Protein chains: 2
Amino acid sequence: MTTMSNRYQSDSGRKRPTMKNVADLAGVGIKTVSRVVNDEPGVSEATRQRVMRATEQLQYQLDITAGSLKRSGRKTQSIGLLLPSVSNPFSGEIHRAMEDALAVRGIAVFAASLDDDPDRERKLISAFLGRRVDGLVLTTIAKSQAYMIPEHSRDLPLVFVDREPAGIEADAVVTDNEIGAAKAAAHLIQHGHTRLAYLGDRTDIQTAGRRRTGFLDGVGKAGISTSGVAVRENLHDEETAFRAAHELLTSENPPTAVFSSQNLVTFGAMRALRALGLHHKVALIGFDDFTLADMMDPGITVIAQHPERIGKLAAERILARIDGDESPAQTYVIPTELIQRGSGEIRPQADAGK
Amino acid sequence: MTTMSNRYQSDSGRKRPTMKNVADLAGVGIKTVSRVVNDEPGVSEATRQRVMRATEQLQYQLDITAGSLKRSGRKTQSIGLLLPSVSNPFSGEIHRAMEDALAVRGIAVFAASLDDDPDRERKLISAFLGRRVDGLVLTTIAKSQAYMIPEHSRDLPLVFVDREPAGIEADAVVTDNEIGAAKAAAHLIQHGHTRLAYLGDRTDIQTAGRRRTGFLDGVGKAGISTSGVAVRENLHDEETAFRAAHELLTSENPPTAVFSSQNLVTFGAMRALRALGLHHKVALIGFDDFTLADMMDPGITVIAQHPERIGKLAAERILARIDGDESPAQTYVIPTELIQRGSGEIRPQADAGK
DNA sequence: TCTGCATCTGACAACGTTGTCATGGAACAT
DNA sequence: ATGTTCCATGACAACGTTGTCAGATGCAGA
């Protein structure tokens with residue numbers, strides 16, 4: 001009678017083999033094992049075979065954390081990635097692009113969620129540093145990242161994504177926020193709008209501020225007074241965005257076109273328009289593309305970002321820095337793209353303004 | 001004249017301080033420093049203060065990878081998380097819930113994307129193991145996970161999410177796929193449908209198979225012949241799903257109701273229905289909820305999963321195993337929820353069937 | 001004064017690996 | 001035969017930390 005192997009009752013706890021074990025079994029020194037498992041030259045074919053056999057027999061797996069201990073130039077082959085939230089689709093795309101670019105180099109990614117909380121930012125970075133990551137790719141919320149200068153001057157590669165750092169010189173890969181938002185303004189104005197509204201995220205989020213600036217600049221450049229633009233900010237979720245939009249649209253002098261700085265805000269605005277039966281009457285452009293935007297009624301015109309390009313470039317920059325690139329810090333700007341789907345091409349209604 | 005500090009030119013490369021450095025500065029032994037930074041008892045208040053001051057002065061940060069080397073019971077305070085893709089919203093939710101539950105214990109998460117590729121599965125797991133993670137939380141695609149038995153019997157905590165393992169006994173946290181799909185069948189039949197279609201994902205994905213089984217069982221239980229159900233499988237993206245749905249809906253004897261096993265398939269089906277002007281005539285239920293499902297026209301009825309609950313429970317299980325729980329492996333099933341939004345409540349049309 | 005005990009402290013080995021370097025043997029040139 | 005070079009190999013220290021253990025100190029009780 002055979003027994004089903006059950007780890008929880010029978011043979012649990014055999015120790016994980018070390019190089020020493022492999023070396024003994026193969027009848028060689030540990031350094032030779034090290035050479036074989038690291039694919040280093042200087043081992044005869046016969047010895048290599050013998051070691052490989054022993055490795056397989058014992059199911060030996062190199063401990064890269066132990067290896068990274070020796071010689072301070074050694075790397076842990078891991079990086080820390082701090083994102084607004086790993087459950088946020090935009091962040092997910094960045095993460096994915098980075099993973100793909102880093103995997104070819106055997107670098108693993110620690111991912112964590114910032115939640116736009118400066119305290120978390122420090123704690124999570126500290127957790128990454130304690131694990132001696134080879135580099136850090138960060139989206140930040142704290143007012144200044146000057147507290148990282150000591151680390152950075154210890155040669156810790158640093159790349160900021162989506163938001164530029166303050167108080168420290170380091171590479172950054174960001175979206176073309178101002179220009180993108182200005183494009184939205186120009187597009188709406190071109191379609192005849194003069195009564196515009198801006199619905200924005202938390203003002204302490206850098207990108208939100210830039211989109212606001214860009215939008216208002218765009219309006220101003222078109223010769224329209226920016227004081228007439230209704231600005232509602234600190235909308236941090238769909239519900240608050242809905243309320244702000246609803247209030248605005250039912251006010252004395254409602255806007256004929258709305259620009260929303262972020263997806264959740266866009267969703268709130270969409271719901272408000274729909275609830276008031278205005279979705280075919282009031283124009284809407286959202287910053288950041290989203291799934292099914294083209295399936296909405298009307299399709300939602302957006303300023304699309306390119307998270308895959310941001311992630312890919314960020315990965316390239318961190319790899320370059322890890323490899324010793326010491327050129328001056330630089331900010332890379334990824335362009336946005338206006339995608340027309342209908343909602344942004346609605347013209348002001350004849351009966352509007354009353 | 002002061003110079004802007006520029007890490008790339010000036011004071012780069014100062015070495016990271018070690019416990020020895022802190023000990024020397026504080027005038028104590030390294031073991032005392034170790035005790036202080038690890039909050040261990042047996043240090044006088046005065047000494048503790050002195051060490052803390054030195055720690056701050058040098059910006060010392062404990063190297064937890066080095067610490068985990070000593071004493072094999074020591075942990076690396078990290079786990080590996082293998083997901084279908086970190087850019088997939090469902091996975092993102094699981095990831096996020098796990099992160100939150102693990103962060104309170106100071107455990108960091110290595111995340112990686114499986115891409116439904118058995119080769120990647122092995123490689124990524126190997127990469128995690130090489131970093132000596134304290135546990136593994138996995139979504140798998142390989143036919144069997146028996147290759148992990150050696151690791152598992154070495155006390156490596158293992159929890160499978162979304163899909164159950166094969167060839168190995170380990171905890172799993174999964175969605176109630178069969179019952180959820182059966183609910184969809186019952187719901188459609190209850191609304192008068194008899195000509196049903198099933199649109200499914202790759203047949204080698206476990207959940208897809210279970211949803212198919214559950215759906216057909218549900219149909220059978222209602223006394224309807226399952227042979228009349230049109231089954232289209234191996235739809236791996238929106239485009240193939242669109243084509244399959246389009247073909248089906250324009251065939252001789254088209255279905256009056258469609259069940260799609262997964263979001264991308266649902267999107268493809270939605271597009272096909274829309275393209276043919278059938279979105280208010282043919283019923284649709286999708287497995288898995290998605291953002292803006294309620295904003296579609298009609299709203300999309302779905303079998304909603306609970307990724308946050310899956311992630312939270314998976315985190316609890318892996319923590320319990322890490323803490324030494326040796327109870328028999330168990331599968332935890334998270335229930336689904338049918339959310340009615342319109343598309344699933346459409347009744348068969350009078351003119352249907354040609 | 002001495003003993004016993006508790007508290008604080010640090011020397012030292014060990015964790016699993018890699019860099020350095022010395023050794024030994026074979027192959028080749030003289 | 002001798003010297004030189006090259007290759008394969010392993011002994012050993014070191015990486016930064018923690019577990020173990022022993023020493024030092026102080027104090028209470030006999």
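**Exercise 1. The open sheet of chain B**

In what order do the strands of the open sheet in chain B run, and how many strands form it?

*Solution.* Note that this is a predicted model.
Step 1. Trace the order: E7-E6-E8-E9-E10-E12 in chain B, with 6 strands forming the open sheet. The pairing is mixed.
Step 2. Find the edges. Strand E7 (230–232) and E12 of chain B each pair on one side only, which makes them the edge strands.
Step 3. Look at one pair. Strand E8 (residues 257–260) and strand E9 (residues 283–287) of chain B pair in the parallel sense, over 4 bridges. Within that pair, Phe259(B) has Ile285(B) of E9(B) as its bridge partner.

**Exercise 2. Strand E2 of chain B**

Determine whether the residues of E2(B) are buried or exposed, and identify a bridge partner in the strand.

*Solution.* 
Step 1. Take one side of E2(B): Ala108(B), Phe110(B) and Ala112(B) are buried.
Step 2. Conclude. 6 of the 6 residues of E2(B) are buried, so the strand is largely enclosed by the rest of the structure.
Step 3. Find the pairing. Strand E1 (residues 78–83) of chain B and E2(B) pair in the parallel sense over 6 bridges. Gly80(B) has Phe110(B) as its bridge partner.

**Exercise 3. Two chains, one relation**

Work out which rotation relates chain B to chain A, and describe the contact between the chains.

*Solution.* 
Step 1. Superpose. A rotation of 180 degrees, with 0.0 Å of shift along its axis, brings chain B onto chain A with an RMSD of 0.1 Å.
Step 2. Name the relation: this is a two-fold axis.
Step 3. Locate the axis. Phe110(B) has the C-alpha nearest to it in chain B, at 2.3 Å.
Step 4. Compare the surfaces. 100% of the contact residues of chain B recur in chain A, and the same surface serves both copies.
Step 5. Count. Chain B gives 60 residues to the contact, and chain A gives 60 residues.
Step 6. List the elements. On the side of chain B that touches chain A, those giving two or more residues include helix H5 (89–103), strand E2 (108–113), helix H6 (118–130) and helix H11 (263–275).
Step 7. Sort by class. That side of chain B has 23 nonpolar, 21 polar and 16 charged residues.

**Exercise 4. A helix pair in chain A**

Classify the packing of H1(A) and H2(A) from the angle between them.

*Solution.* 
Step 1. Read the geometry. Helix H1 (residues 19–26) and helix H2 (residues 30–37) of chain A pack at about 105 degrees, and their axes are 8 Å apart.
Step 2. Apply the range: 65 to 115 degrees counts as roughly perpendicular. H1(A) and H2(A) are therefore roughly perpendicular to each other.
Step 3. Name the residues. H1(A) contributes Met19(A), Lys20(A), Val22(A), Ala23(A) and Ala26(A). H2(A) contributes Ile30(A), Thr32(A), Val33(A) and Ser34(A).
Step 4. Sort them: 6 nonpolar, 2 polar and 1 charged.

**Exercise 5. Gln340(B)**

Decide whether Gln340(B) is buried or exposed.

*Solution.* 
Step 1. Count neighbours. Gln340(B) has 12 C-beta neighbours inside 10 Å, so it counts as exposed.
Step 2. Find its contacts. Leaving aside neighbours within four places in sequence, Gln340(B) touches Thr301(B) and Glu345(B).

Methods. Residues numbered from 1 in each chain as written. Chains lettered and ligands numbered in written order. Predicted model: local features only at pLDDT ≥ 70, side-chain atom pairs only at ≥ 80, totals over all residues. Least-squares fit on C-alpha atoms with pLDDT ≥ 70 in both. Contact = placed C-beta atoms within 7 Å. Axes fitted to C-alpha atoms, helices over the stretch in contact; angles between N-to-C directions. Parallel < 35°, antiparallel > 145°, perpendicular 65-115°, else oblique. Nonpolar A, V, L, I, M, F, W, Y, C, P; charged D, E, K, R; others polar. Buried ≥ 20, exposed ≤ 12 C-beta atoms within 10 Å, placed from the backbone. Pairing = 2+ DSSP bridges.
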